[in-house]
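Take a look at the model below.

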Amino acid sequence: MSTQKVAAWSHAETFVAPSEHVEAAARRGEQLGAAPVPDGTGAVLQVLAAAIGARAVMEVGTGAGASGLWLLGGMPADGILTTIDLETENQRAAREAFAAAGVAHQRTRVIAGRALDVLPRMTDGAYDLVVVDADRAEYPEYVEQAARLLRTGGTLALTWSDRESDPANRDDETRTLREVGRSLRERSDFLVSLLPVGDGLLVAVKR
Ligand SMILES: C[S@@+](CC[C@H](N)C(=O)[O-])C[C@H]1O[C@@H](n2cnc3c(N)ncnc32)[C@H](O)[C@@H]1O
(Lines give C-alpha, C1' and ligand atoms only; values in the text may rest on other atoms or scores of the structure.)
Protein backbone atom coordinates (compact mmCIF):
# COMPACT_ATOMS: atom_id res chain seq x y z
CA MET A 1 0.00 0.00 0.00
CA SER A 2 1.36 3.48 -0.83
CA THR A 3 2.30 5.88 1.99
CA GLN A 4 -0.53 8.16 0.81
CA LYS A 5 -3.04 5.29 1.12
CA VAL A 6 -1.83 4.41 4.62
CA ALA A 7 -2.22 8.08 5.62
CA ALA A 8 -5.72 8.12 4.11
CA TRP A 9 -6.75 5.09 6.17
CA SER A 10 -5.36 6.53 9.38
CA HIS A 11 -7.39 9.68 8.60
CA ALA A 12 -10.49 7.45 8.74
CA GLU A 13 -9.73 6.79 12.42
CA THR A 14 -10.32 10.41 13.37
CA PHE A 15 -12.83 11.30 10.66
CA VAL A 16 -15.77 11.02 13.08
CA ALA A 17 -15.11 12.42 16.55
CA PRO A 18 -16.38 10.42 19.52
CA SER A 19 -18.89 12.05 21.85
CA GLU A 20 -17.62 13.18 25.23
CA HIS A 21 -19.43 10.18 26.75
CA VAL A 22 -17.71 7.72 24.41
CA GLU A 23 -14.38 9.36 25.23
CA ALA A 24 -15.02 9.01 28.97
CA ALA A 25 -16.08 5.35 28.58
CA ALA A 26 -13.01 4.65 26.46
CA ARG A 27 -10.72 6.18 29.09
CA ARG A 28 -12.40 4.08 31.80
CA GLY A 29 -12.08 0.96 29.63
CA GLU A 30 -8.37 1.57 29.24
CA GLN A 31 -7.99 1.97 33.02
CA LEU A 32 -9.83 -1.32 33.54
CA GLY A 33 -7.82 -3.20 30.91
CA ALA A 34 -10.86 -3.56 28.65
CA ALA A 35 -9.52 -1.92 25.48
CA PRO A 36 -12.27 0.16 23.88
CA VAL A 37 -12.94 -0.08 20.16
CA PRO A 38 -10.95 2.55 18.22
CA ASP A 39 -13.02 5.54 17.09
CA GLY A 40 -12.95 4.46 13.43
CA THR A 41 -14.45 1.10 14.41
CA GLY A 42 -17.01 2.76 16.68
CA ALA A 43 -18.11 5.06 13.87
CA VAL A 44 -18.62 2.06 11.56
CA LEU A 45 -20.63 0.23 14.24
CA GLN A 46 -22.81 3.31 14.65
CA VAL A 47 -23.39 3.57 10.89
CA LEU A 48 -24.11 -0.16 10.58
CA ALA A 49 -26.68 0.02 13.37
CA ALA A 50 -28.33 3.01 11.68
CA ALA A 51 -28.15 1.52 8.17
CA ILE A 52 -30.02 -1.63 9.12
CA GLY A 53 -32.28 0.13 11.63
CA ALA A 54 -31.06 -2.27 14.30
CA ARG A 55 -33.70 -2.49 17.04
CA ALA A 56 -32.19 -5.55 18.69
CA VAL A 57 -28.41 -5.62 19.08
CA MET A 58 -26.37 -8.29 20.85
CA GLU A 59 -22.89 -7.33 21.96
CA VAL A 60 -20.31 -9.77 23.33
CA GLY A 61 -17.72 -7.85 25.36
CA THR A 62 -19.27 -4.80 27.01
CA GLY A 63 -16.03 -3.41 28.42
CA ALA A 64 -16.70 0.00 29.94
CA GLY A 65 -19.37 0.76 27.34
CA ALA A 66 -17.58 2.67 24.56
CA SER A 67 -18.76 0.38 21.73
CA GLY A 68 -22.21 0.19 23.34
CA LEU A 69 -22.53 3.97 23.20
CA TRP A 70 -21.50 4.06 19.54
CA LEU A 71 -24.10 1.35 18.80
CA LEU A 72 -26.86 3.10 20.75
CA GLY A 73 -26.03 6.27 18.81
CA GLY A 74 -26.99 4.53 15.57
CA MET A 75 -29.97 2.51 16.81
CA PRO A 76 -33.54 3.80 16.66
CA ALA A 77 -34.87 5.38 19.87
CA ASP A 78 -36.74 2.19 20.81
CA GLY A 79 -33.77 -0.10 20.07
CA ILE A 80 -32.44 -2.36 22.82
CA LEU A 81 -28.78 -3.21 23.32
CA THR A 82 -28.14 -6.55 25.03
CA THR A 83 -24.53 -6.73 26.11
CA ILE A 84 -22.61 -9.49 27.87
CA ASP A 85 -19.44 -9.32 29.95
CA LEU A 86 -17.94 -11.54 32.60
CA GLU A 87 -16.29 -8.73 34.57
CA THR A 88 -18.71 -7.06 36.98
CA GLU A 89 -16.44 -4.03 37.36
CA ASN A 90 -16.50 -3.43 33.59
CA GLN A 91 -20.26 -3.79 33.61
CA ARG A 92 -20.64 -1.31 36.43
CA ALA A 93 -18.54 1.18 34.44
CA ALA A 94 -20.65 0.54 31.33
CA ARG A 95 -23.92 1.07 33.23
CA GLU A 96 -22.51 4.36 34.55
CA ALA A 97 -21.43 5.36 31.03
CA PHE A 98 -24.89 4.63 29.62
CA ALA A 99 -26.57 6.60 32.42
CA ALA A 100 -24.15 9.54 32.03
CA ALA A 101 -25.00 9.65 28.31
CA GLY A 102 -28.71 9.82 29.15
CA VAL A 103 -29.56 6.39 27.74
CA ALA A 104 -32.94 5.29 29.08
CA HIS A 105 -32.57 2.38 31.47
CA GLN A 106 -34.89 0.12 29.44
CA ARG A 107 -32.73 0.45 26.33
CA THR A 108 -29.89 -1.68 27.70
CA ARG A 109 -29.74 -5.21 29.07
CA VAL A 110 -26.33 -5.68 30.66
CA ILE A 111 -25.88 -9.39 31.33
CA ALA A 112 -23.17 -10.76 33.60
CA GLY A 113 -21.56 -14.03 32.66
CA ARG A 114 -19.42 -15.97 30.25
CA ALA A 115 -20.63 -15.36 26.73
CA LEU A 116 -20.78 -19.07 25.92
CA ASP A 117 -23.03 -19.67 28.93
CA VAL A 118 -25.32 -16.74 28.12
CA LEU A 119 -25.61 -16.79 24.31
CA PRO A 120 -27.20 -20.26 24.05
CA ARG A 121 -30.08 -18.98 26.22
CA MET A 122 -30.93 -16.19 23.74
CA THR A 123 -33.70 -16.47 21.16
CA ASP A 124 -33.07 -17.67 17.59
CA GLY A 125 -33.39 -15.08 14.84
CA ALA A 126 -34.19 -12.29 17.30
CA TYR A 127 -31.24 -9.95 16.60
CA ASP A 128 -30.55 -7.49 13.80
CA LEU A 129 -26.90 -7.02 14.67
CA VAL A 130 -24.40 -9.07 16.69
CA VAL A 131 -21.12 -7.38 17.65
CA VAL A 132 -18.26 -9.45 19.02
CA ASP A 133 -15.34 -7.89 20.93
CA ALA A 134 -14.37 -10.44 23.58
CA ASP A 135 -12.21 -13.57 23.89
CA ARG A 136 -10.59 -14.26 20.50
CA ALA A 137 -10.12 -17.96 21.37
CA GLU A 138 -13.91 -18.27 21.51
CA TYR A 139 -14.64 -16.49 18.21
CA PRO A 140 -15.54 -19.74 16.38
CA GLU A 141 -18.25 -20.48 18.96
CA TYR A 142 -19.46 -16.86 19.01
CA VAL A 143 -19.88 -17.02 15.23
CA GLU A 144 -21.92 -20.22 15.52
CA GLN A 145 -24.14 -18.57 18.13
CA ALA A 146 -24.44 -15.40 16.04
CA ALA A 147 -25.51 -17.42 12.99
CA ARG A 148 -28.38 -18.73 15.08
CA LEU A 149 -29.27 -15.46 16.82
CA LEU A 150 -29.33 -13.24 13.71
CA ARG A 151 -32.45 -12.77 11.65
CA THR A 152 -32.09 -13.23 7.90
CA GLY A 153 -30.52 -9.98 6.64
CA GLY A 154 -28.96 -9.38 10.04
CA THR A 155 -25.31 -8.38 10.39
CA LEU A 156 -22.39 -9.78 12.33
CA ALA A 157 -19.40 -7.57 13.20
CA LEU A 158 -16.22 -9.06 14.69
CA THR A 159 -13.37 -6.88 15.90
CA TRP A 160 -10.26 -8.20 14.21
CA SER A 161 -6.46 -8.05 14.47
CA ASP A 162 -4.06 -6.56 11.96
CA ARG A 163 -1.75 -9.50 12.69
CA GLU A 164 -4.09 -11.75 10.73
CA SER A 165 -3.04 -10.34 7.36
CA ASP A 166 0.59 -11.43 7.71
CA PRO A 167 1.07 -15.20 7.12
CA ALA A 168 4.26 -15.02 9.22
CA ASN A 169 2.09 -14.53 12.33
CA ARG A 170 1.15 -18.00 13.52
CA ASP A 171 0.24 -17.50 17.20
CA ASP A 172 -2.93 -19.21 18.43
CA GLU A 173 -5.10 -16.07 18.39
CA THR A 174 -4.08 -15.16 14.85
CA ARG A 175 -4.64 -18.71 13.61
CA THR A 176 -8.09 -18.74 15.18
CA LEU A 177 -9.03 -15.46 13.48
CA ARG A 178 -7.67 -16.73 10.15
CA GLU A 179 -9.79 -19.88 10.48
CA VAL A 180 -12.89 -17.85 11.44
CA GLY A 181 -12.38 -15.59 8.42
CA ARG A 182 -11.86 -18.54 6.08
CA SER A 183 -14.91 -20.43 7.33
CA LEU A 184 -17.14 -17.32 7.10
CA ARG A 185 -15.94 -16.65 3.54
CA GLU A 186 -16.80 -20.22 2.61
CA ARG A 187 -20.28 -20.16 4.10
CA SER A 188 -23.05 -19.74 1.58
CA ASP A 189 -25.32 -18.18 4.22
CA PHE A 190 -23.04 -15.17 4.88
CA LEU A 191 -21.69 -12.34 2.71
CA VAL A 192 -18.40 -11.13 4.18
CA SER A 193 -16.12 -8.11 4.03
CA LEU A 194 -13.07 -7.14 6.08
CA LEU A 195 -13.11 -3.39 6.72
CA PRO A 196 -9.80 -1.57 7.31
CA VAL A 197 -10.80 0.38 10.41
CA GLY A 198 -9.08 0.09 13.77
CA ASP A 199 -7.32 -3.29 13.77
CA GLY A 200 -9.89 -4.47 11.23
CA LEU A 201 -13.60 -5.16 11.49
CA LEU A 202 -14.96 -8.26 9.85
CA VAL A 203 -18.55 -7.69 8.77
CA ALA A 204 -20.86 -10.44 7.54
CA VAL A 205 -24.51 -10.30 6.50
CA LYS A 206 -26.70 -13.37 7.02
CA ARG A 207 -28.51 -14.15 3.79
C1 LIG B 1 -11.86 -5.52 24.37
S2 LIG B 1 -12.87 -5.49 25.77
C3 LIG B 1 -14.41 -4.87 25.15
C4 LIG B 1 -14.41 -3.39 24.92
C5 LIG B 1 -15.75 -2.83 24.52
N6 LIG B 1 -16.32 -3.51 23.38
C7 LIG B 1 -15.59 -1.34 24.23
O8 LIG B 1 -15.44 -0.96 23.07
O9 LIG B 1 -15.59 -0.58 25.21
C10 LIG B 1 -13.27 -7.18 25.95
C11 LIG B 1 -14.28 -7.47 27.02
O12 LIG B 1 -14.69 -8.82 26.87
C13 LIG B 1 -14.88 -9.36 28.15
N14 LIG B 1 -14.77 -10.80 28.02
C15 LIG B 1 -13.63 -11.53 27.80
N16 LIG B 1 -13.93 -12.83 27.71
C17 LIG B 1 -15.26 -12.94 27.87
C18 LIG B 1 -16.16 -14.03 27.89
N19 LIG B 1 -15.73 -15.29 27.71
N20 LIG B 1 -17.47 -13.77 28.09
C21 LIG B 1 -17.91 -12.49 28.27
N22 LIG B 1 -17.10 -11.43 28.27
C23 LIG B 1 -15.80 -11.64 28.07
C24 LIG B 1 -13.81 -8.72 29.00
O25 LIG B 1 -14.17 -8.73 30.38
C26 LIG B 1 -13.74 -7.31 28.43
O27 LIG B 1 -14.55 -6.41 29.14
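## The shell around the ligand

The shell has 9 nonpolar, 7 polar and 7 charged residues. Here Ala, Val, Leu, Ile, Met, Phe, Trp, Tyr, Cys and Pro count as nonpolar, Asp, Glu, Lys and Arg as charged, and the others, Gly among them, as polar.

In total, 23 residues surround the ligand, each with a heavy atom within 4 Å of it. The closest are Gly61, Ser67, Asp85, Asn90 and Asp133.

This is a predicted model: local features need pLDDT of at least 70, side-chain atom pairs count only at pLDDT 80 or more, and totals for chains, interfaces and linings use all residues. Residues are numbered from 1 along each chain as its sequence is written, and side-chain values use heavy atoms, with hydrogens and water left out.

## Polar contacts

A polar contact here is a pair of N or O atoms within 3.5 Å. The side chain of Asp133 has an N or O atom 2.7 Å from a ligand nitrogen. For Asn90, a side-chain N or O atom lies 2.8 Å from a ligand oxygen. Val37 uses a polar backbone atom, 2.9 Å from a ligand oxygen.

## The whole chain

The chain has 8 helices (DSSP H or I, at least four residues) and 7 strands (E, at least two). Its C-alpha trace spans about 45 × 40 × 30 Å along the principal axes.

Notes:
Polar contact = N/O pair within 3.5 Å; in protein donor to acceptor, adjacent residues only side chain to side chain.
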